[in-house]
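Here are my notebook entries from an afternoon of looking things up.

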Amino acid sequence: MVSIVLVHGTGVRGAAYDGLVAQVTANLAGRVPELRVVRCPWGDAHGARLNAGGRSLPAEARPGSTPAPEEAAAEVSGWAVLEADPYAELRLLARDARARGYTPTARTAVVRTRAEVTALDGAAFAGLLGAHGWEPDDLDAARQVALDGLGLLPDEAAIDPEELRRTAARLLAAATVAHADTRWGPGGSPADGDALDALVAALLAHWGAPTGELGVVSTLTKPLWLPLARGFEHTASAVLRGNRLKQTTAGTPVIGDILRYQVRGEEVRAAVAEAVHSVPGPVVVLAHSLGGVASVDLLASQDLHDKVTALVTVGSQAPFLYELDALWSTRYGTPLPPTFPAWWNAFDPRDPLAYVGADVFGADRVTDVRFDTRRPLLRAHSAYWGHRPFYAWLAGTVL
């Protein structure tokens, strides 16, 4: 009789694991005459949970908190809209201008603002830029973004001159941040809302224009902008603020299991070892995602070759962590021990959490097996369990 120790991945609890056991058992029942599926539901005992009920979250993120004033929330969300689409406010101005027609004047607001933006030199703002983690090149790059946006407006567009200047200044500020972010990487440049206001005010002062409203709730476009920014607030910021406890609770098993394994991994490895020793050999360890990481760590740190004849990882990050030199059991460049069992690593190229091992561990230590579950993104990460070709391969090659 062959025993399969079924090690689940991150976020799996209770009924979800029961369903996985039932699915694997049913799909292998007709393929392997004598088969024992050994349970290893480590998530129930050793998975992450909010032990204090989410008290680590700020009070504003809990149910019943007082929301920010509408315009303040819209202004913050408005900058987020501009970072996603720097021309969003400019298009609202253009829409209003089309409704009011055009002016035949020789020098309109569009022509003047375009000339002022063209003449900008990032070096003239070096002190202000440097104080907020930006560089003159960032503003110079933003200048071209702004000119491209102003090119969408006809020269004779009937737009209030000062309103267009403020819109152009805000566009430049958002584009400056976007360009700086390419250097700073995840999280972006360390600038706050005051820094954005300071850059907008400096640009307006440079042009000799009154500051008016600095933030992204302009006087002219307010009737149009507030619904747009409010919608963004409700679909993004509000989800992470008023509903943050709910979202954190829902996400804790998935993300928390990964984090907890990094510091409490011995508990998960011990659970896998206990399952292995609970039945006579031979044993095949079938492990998904984080469960595959724990199984690799276990088999690389303990000699279980007298019990475990094969390891099958499915959608696992063990090769990735090894390449990062972040695998608990094995430093990068150190080979797997001779006692490590035969290892097959199943992956779907569409699975964003699946990695291949032959090119980092060596083709003599791990065999990568490609599957096409025809499912997108994160759905592909679990679709192996419903993929009949996977079971046909598992029964015919490993078991």
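**Entry one: a first pair**

Which residue forms a salt bridge with E163? I looked, and the partner is R166, with the closest N and O atoms 2.9 Å apart. A salt bridge here is a side-chain nitrogen of Lys or Arg within 4 Å of a carboxyl oxygen of Asp or Glu.

Before going on, I noted that this is a predicted model, in which local features need pLDDT of at least 70 and side-chain atom pairs count only at pLDDT 80 or more, while totals for chains, interfaces and linings use all residues. Residues are numbered from 1 along each chain as its sequence is written, and side-chain values use heavy atoms, leaving out hydrogens and water.

I found R166 and E163 three residues apart in helix α8, about one turn of the helix. Helices (H or I, at least four residues) and strands (E, at least two) are DSSP runs, numbered from the N terminus. Both R166 and E163 are buried; buried means under 20% relative accessible area, exposed over 50%, and partly exposed in between (1.4 Å probe, protein chains only). I also saw that E89, E163, R166 and R170 are linked in a network of salt bridges.

I searched the whole structure and got 16 salt bridges. One of them joins the side chains of E162 and R165, at 3.3 Å from N to O. These two are about one helical turn apart, because they sit three residues from each other in helix α8 (residues 161-184). E162 counts as partly exposed because its relative accessibility is 22%, whereas R165, at 5%, counts as buried.

Next I checked R331, which forms a salt bridge with D325, the closest N and O atoms being 2.7 Å apart. R331 is exposed at 57% relative accessibility, and D325 is partly exposed at 33%.

In what order do the six strands of the open sheet come? I read β2-β1-β3-β4-β5-β6, with parallel pairing; two strands pair if DSSP finds at least two bridges between them. The edge strands, β2 (35-40) and β6 (367-370), each pair on one side only.

I then followed β3 (residues 283-288) and β4 (residues 308-314), parallel strands joined by six bridges. A287 stands opposite T313 in β4. Helix α12 (residues 290-301) packs on the sheet and touches β1, β3, β4 and β5 (342-347); contact means heavy atoms within 4.5 Å.

How values were computed. Axes are lines fitted to C-alpha atoms, for helices over the stretch in contact, and angles run from 0 to 180 degrees between N-to-C directions.
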